[in-house]
Amino acid sequence: MGKFLLGLLSGIILCVLAGFIIIFVLVRFATSFGDRPPEIAQGSTLIFSLEGEVPEKMPTEFPFPMLQEQTTITVEQVWETFRKAAADSRIKAVIFEPRGLGIGWAKMQEIRQEMLDFRKSGKPLVAFLHGAGGREYYLATAADRIYMTPEDTLDVKGLRIEGLFLKNSMDKLGVHVDVVHAGKYKDAGDIFTRTDMSPETQQVMNAILDQYYGDLVGVIASGRKKTPEQVRATIDNGPFMGGQALDAGLVDVLGFDDRVASDLQKRLGQTQLKKVSIKSYARVPASSIGPAGGKRIAFIVGEGEITRGQSDNVGNSSNITSGGLSKLLRQVKNDSSIKGAILRVDSPGGDGIASDDILNAARDLSHSKPVVISMGDLAASGGYFISMTGDPIVAYPNTLTGSIGVIFAKFELKGLYDKLGITRQSLQRGQYAGLYSDYEPLTGKYLQKVQQQIQDFYGVFLNRVAQGRKRPVDQIEPLAQGRVWTGAQAKQNGLVDQLGGIDAAIDLIKQRAHIGASEKINLVVYPPKRSFLEALMSRNDENAAIELKLKALLGGLPVHSLTQGGYLKLMPYTVRVQ
């Protein structure tokens, strides 16, 4: 019996080891296969499908690309792809198919500008819409022709912002959230403490809506050759069925994909389109199209909520860890082949101490190499804080930035414990030992202590911004108070230096690194794409999936920072304009 059990156990172990070896070999084979550049036929048409999120950070590389239905493409890859397609003599046209986009209005400005730049090549760029809303149509207006099917709906009807408030739910649960903040606009805790928007929040939200709606009207007017007044009147009649959209001059042709293909064949003088997917074309190296080489410029991505930690967690790639980003910054600093760096920030902020750690590393990099800050959809609170290296800052008009302020948040659960019949007893030494207890309210000496430290943190924030913007504190403070500004407002107020996107940042870094304006550069993205094997071998954060689901449920609220409590440099709310 003993020999049987030993043999069975040995067999199981051998099977497990064999399974691991087979998986390893398959992954290595698939990875090497996936790295092989595809063959692009002469006279090809690029099918540029863009769906869902368009992140800043490169996602984990799946080893079996033939099994993936959708390729996640980053903002930088969109920028590179349109440039490759414009210069690639094998690509004769692009069919742009946006669908279900979940991106911010600053990223849309970047992508739309890339589309307009592509059109300068003289190659056709047509848009084919499927269930399009405002985001999809915003981008489609950059095309030279817009198609949609006759029975489809163009859901363009204006923009709105909605606020989510949980106070009544918290009251029913017996949960009280103590929030202390520096700055009258620092309303991050309002979701837990109010049932509606404060006057300050409404003021900021209306300014954001005015900026975004004005931009939407402007691009439609420009793309469809209408006046802004005509566009506003048209939007007030939305949404539109296919025939209505055609009559309103919002689209050019009603038809299906065969109509798109036949029209494009006539324009190209072809009998059949040679289609290449974005999934395949994204694997074409830029060096294979134009002359290779060029000075190396780092493109360092900091995306997501700022938290403490030593490295980026695979399971929660939407966060910036202080140790992970600082390590990348030091790596770029110590790489003599890198001649300059663009720090790409897309973050609502988060932990105050983590933000300070990152800023320290970014300043060290700035002291050794030319640096330019490029802001994405968000660079607010801690996201703005880590940008205060003293280097030029480029933001889109639709970027949300500023939010110079600090909050402290603590959940008091005694009421919930009482409902559940739970009691707690504590013994302590030190008069502030119970400061972070979830069983005691934030009152008396505890409240005074927090208020004092909040003001200290706020003073440090103001000083960092004053140093970074090279202005006295008394000029910064009126622009602070936790207020969120659009990029256009931030430029007017001197909180950023220039409006623009990746191209503007590249132009600036060339100037600072003494690289000729027409000289080719090699943009090196940090962090690099993580392979599937690296993801498997890395530690996964068991709480990451829960946090991501809560974020989705609560409209992108930075759950990790709020539940950790403490002193936060955090954007006062999440903004999703639809």
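Let's start with a helix pair: the axes of helix H12 (residues 322-334) and helix H13 (residues 352-368) come within 9 Å and cross at roughly 5°. An angle under 35 degrees counts as roughly parallel, and H12 and H13 are therefore roughly parallel to each other. Keep in mind as you look that this is a predicted model.

What holds the contact surface on each side? From H12, the residues making the contact are Ser 322, Leu 325, Ser 326, Leu 329, Val 332 and Lys 333. H13 brings Ala 354, Asp 357, Ile 358, Ala 361, Ala 362, Asp 364, Leu 365 and Ser 368. Sort the residues of this H12 and H13 contact by class and you get eight nonpolar, three polar and three charged.

Now step back to the nonpolar cores. The largest one has 81 residues, and Phe 48, Leu 50, Leu 139, Leu 154 and Ile 208 are those with the most contacts inside it. Which helix gives this core its largest share? That's helix H7 (residues 199-224), with nine residues. Another core, of 52 residues, lies apart from the largest one, and Val 180, Ala 379, Ile 404 and Ile 476 are among its members.

In H8, the buried residues are Val 231, Thr 234 and Ile 235. They cover an arc of only 95° around the axis, so they sit on the same side of H8.

Take a closer look at Thr 234, which is found in H8, a helix that runs over residues 228-235. Is Thr 234 buried or exposed? Its relative accessible area is 14%, and because buried means under 20%, Thr 234 counts as buried. Once you leave aside neighbours within four places in sequence, Thr 234 is in contact with Phe 240, Ala 248 and Leu 250.

That brings us to strand E7, where Met 241 is found. With a relative accessible area of 37%, Met 241 is partly exposed. Which residues does Met 241 touch, not counting those up to four places away in sequence? They are Glu 151, Asp 152 and Thr 153.

Technical notes
Residues are numbered from 1 along each chain as its sequence is written. This is a predicted model: local features need pLDDT of at least 70, side-chain atom pairs count only at pLDDT 80 or more; totals for chains, interfaces and linings use all residues. Side-chain values use heavy atoms; hydrogens and water are left out. Helices (H or I, at least four residues) and strands (E, at least two) are DSSP runs, numbered from the N terminus. Buried means under 20% relative accessible area, exposed over 50%, partly exposed in between (1.4 Å probe, protein chains only). Contact means heavy atoms within 4.5 Å. A nonpolar core is a set of buried Ala, Val, Leu, Ile, Met, Phe, Trp, Tyr and Cys residues joined through side-chain atoms within 4.5 Å. Axes are lines fitted to C-alpha atoms, for helices over the stretch in contact, and angles run from 0 to 180 degrees between N-to-C directions. Angles under 35 degrees count as roughly parallel, over 145 as roughly antiparallel, 65 to 115 as roughly perpendicular and the rest as oblique. Ala, Val, Leu, Ile, Met, Phe, Trp, Tyr, Cys and Pro count as nonpolar, Asp, Glu, Lys and Arg as charged, and the others, Gly among them, as polar. The arc is that of the directions from the helix axis to the C-beta atoms.
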